[in-house]
Amino acid sequence: MNTKNNKRKRESREKIESIFAELLQTRELNQISVSEICKRAGLNRSTFYANYLDLSDLADVVRETLEQNVQDLYQDEIINGYNSNNYLKLFQHIAKNQLFYKTYFKLGYDNEYKIIKYDHQLAKQHFNNRFIEYHMEFFKSGITAIIKRWLKNGCQETPEEINEILTSEYKRREGNLEKK
């Protein structure tokens with residue numbers, strides 16, 4: 001393969017995706033055009049269409065890339081079938097990739113939610129195998145709200161501080177469950 005062309009293609013895709021994410025911070029998807037992205041990127045429309053079918057496909061690619069990056073963070077856990085409940089890795093990734101996470105949420109992909117995986121086995125233990133679906137919804141909604149608030153505030157707190165907030169909430173929950 002021609003590595004020079006591969007590098008050029010990768011750089012073009014990165015430019016397009018970055019400009020798309022930037023534009024989405026102040027506009028809706030239907031207010032963005034391929035022409036504008038290409039103009040800002042200094043690329044031809046043919047370059048865009050060589051990589052994406054349309055803007056919706058571009059949005060899906062951004063989503064899939066972000067979800068794959070998060071999955072890669074936890075690859076060892078996925079392969080070995082355990083959950084460390086270590087969200088610090090996720091928060092560090094969010095801090096480094098704020099624009100793409102803002103884009104993910106702006107496009108409404110949190111409704112499909114593939115970033116956070118819920119540990120069913122741990123939930124069954126904590127909640128005596130009762131109302132697991134409700135606990136999952138509560139957890140996903142809570143962590144999503146924390147992440148969105150943190151992003152809205154420009155990730156002023158460190159990933160360690162956000163992880164501490166999440167951990168402290170669950171420590172309190174575990175203490176309350178043990179008293180029952």
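Predicted model: local features only at pLDDT ≥ 70, side-chain atom pairs only at ≥ 80, totals over all residues.
Let me start with helix α6, where the buried residues are Leu90, Phe91, His93 and Ile94, buried meaning under 20% relative accessible area, while exposed means over 50% and partly exposed lies in between, all with a 1.4 Å probe and protein chains only. These four cover an arc of only 160° around the axis, and therefore they sit on the same side of α6, the arc being that of the directions from the helix axis to the C-beta atoms. When I say helix, I mean a DSSP run of H or I with at least four residues, whereas a strand is a run of E with at least two, and both are numbered from the N terminus.

Residues are numbered from 1 along each chain as its sequence is written, and side-chain values use heavy atoms, with hydrogens and water left out.

How confident is the predictor, on average, across the chain? The average pLDDT is 85, and 81% of the residues score at least 70, where pLDDT is the predictor's confidence in each residue, from 0 to 100.

As for the overall make-up, the chain has 10 helices and 0 strands, and buried residues make up 34% of its 180 residues. Among contacts between residues at least 6 apart in sequence, 60% join residues at least 24 apart.

Let us return to His93, which lies in α6, residues 88-96, and which counts as buried because its relative accessibility is 13%. Leaving aside neighbours within four places in sequence, His93 is in contact with Leu66, Asn69, Val70, Leu73 and Tyr101. Tyr101 belongs to helix α7 (residues 98-106), where Thr103, Tyr104 and Phe105 are buried as well, and just after α7 comes Gly108, with a positive phi of about 80°.

Of its 38 residues, Ile37, Leu58 and Phe91 touch the most other members. The elements that give two or more residues to this core are α1 (3-24), α2, α4 (55-73), α6, α7, α9 and α10, and α4 gives the most, with 7 residues. Leu58, not counting residues up to four places away in sequence, touches Ile16, Glu17, Phe20, Ile37, Phe48 and Tyr52.

Finally, what about the cysteines? Cys155 is found in the loop between α9 (132-152) and α10 (159-179), where its phi is near 50°, a positive value in a residue other than glycine. Cys155 counts as buried because its relative accessibility is 12%, and Cys38 is buried too, with a relative accessible area of 3%. How many disulfides does a search of the whole structure find? The search finds 0, taking a disulfide as a pair of cysteine sulfur atoms within 2.5 Å.

Definitions and conventions
Contact = heavy atoms within 4.5 Å. Core = buried A, V, L, I, M, F, W, Y, C linked by side-chain atoms within 4.5 Å.
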